[in-house]
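User: Please explain the helix packing in this model, setting each value against the definition behind the term.

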Amino acid sequence: TTNSTSRAMHSLRSIRSNDYRPAPAEWCAKETLAHLIIGEQWNINTILNALDGVPPANFPGFEGVNTAMAAISTLPEMLDTLQKTQSLVVALVSMYPDSMYERKGTYFNLHSNPLGTATHVRSHYDQLKNAIAAARENKE
């Protein structure tokens with residue numbers, strides 16, 4: 001998975017224009033990355049709340065956030081942000097106190113989100129590949 005992720009990140013860094021959509025209703029590469037970043041930020045929020053004993057909230061599925069983040073960020077910034085937020089999630093999970101493991105429901109919920117991240121990212125690989133191909137077809 002790490003090699004696949006590295007190849008995908010290299011491919012994204014190699015395109016110059018990243019606002020091309022594979023189809024009118026599809027996200028461009030930056031919007032897809034924004035979606036992944038927001039998901040990681042949500043994981044961080046959920047973990048921090050759980051460590052403070054606050055129940056998890058529902059994920060706010062506001063679609064426009066992806067477009068807004070993509071509009072104000074460069075592709076390299078977004079790739080760096082995604083990698084940093086993923087590293088922060090790993091660091092936070094490693095900080096769970098022993099008492100966290102005693103609360104089985106909380107522990108399960110906290111692990112299902114961060115552990116599901118790899119699957120979530122992989123589920124968007126084809127979308128990213130299509131966006132990269134669209135950018136390359138449009139002569140970058």
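Analyst: The crossing of helix 2 and helix 4 is left-handed. The model is predicted, so local features need pLDDT of at least 70 and side-chain atom pairs count only at pLDDT 80 or more, while totals for chains, interfaces and linings use all residues. Residues are numbered from 1 along each chain as its sequence is written, and side-chain values use heavy atoms, with hydrogens and water left out.

User: What makes a crossing left-handed?

Analyst: A crossing is left-handed if the near helix is turned anticlockwise from the far one by less than a right angle, and right-handed if clockwise. Helices here are DSSP runs (H or I, at least four residues), numbered from the N terminus.

User: Why is helix 2 called roughly parallel to helix 4?

Analyst: Helix 2 (residues 29–51) and helix 4 (residues 75–94) pack at an angle of about 25°, with their axes 9 Å apart. Helix 2 is therefore roughly parallel to helix 4, a term for angles under 35 degrees. Axes are lines fitted to C-alpha atoms, for helices over the stretch in contact, and angles run from 0 to 180 degrees between N-to-C directions.

User: Which residues make the contact of helix 2 with helix 4?

Analyst: Contact means heavy atoms within 4.5 Å. Among the residues involved are L33, I37 and I44 of helix 2 and L79, L82 and V89 of helix 4.

User: Why are helix 2 and helix 3 described as perpendicular?

Analyst: Helix 2 and helix 3 pack at an angle of about 110°, with their axes 8 Å apart. The range for roughly perpendicular is 65 to 115 degrees, and helix 2 and helix 3 are therefore given that description. Their crossing is right-handed. The contact includes A34, I37 and Q41 in helix 2 and N66, M69 and A70 in helix 3.

User: How do you know that the buried residues of helix 3 lie on the same side?

Analyst: In helix 3 (residues 64–72), N66, M69 and A70 are buried, that is, under 20% relative accessible area with a 1.4 Å probe and protein chains only. They cover an arc of only 100° around the axis, which puts them on the same side of helix 3. The arc is that of the directions from the helix axis to the C-beta atoms. These buried residues pack against helix 2 and helix 4. The face turned away from them carries A71 and I72, which are exposed, a term for values over 50%.

User: Why does N138 count as partly exposed?

Analyst: N138 has 39% relative accessibility and therefore counts as partly exposed, the class between the buried and exposed cut-offs. N138 is in the segment after helix 7 (125–137).

Key: Helix = DSSP H or I, 4+ residues; strand = E, 2+ residues; numbered from the N terminus. Parallel < 35°, antiparallel > 145°, perpendicular 65-115°, else oblique.
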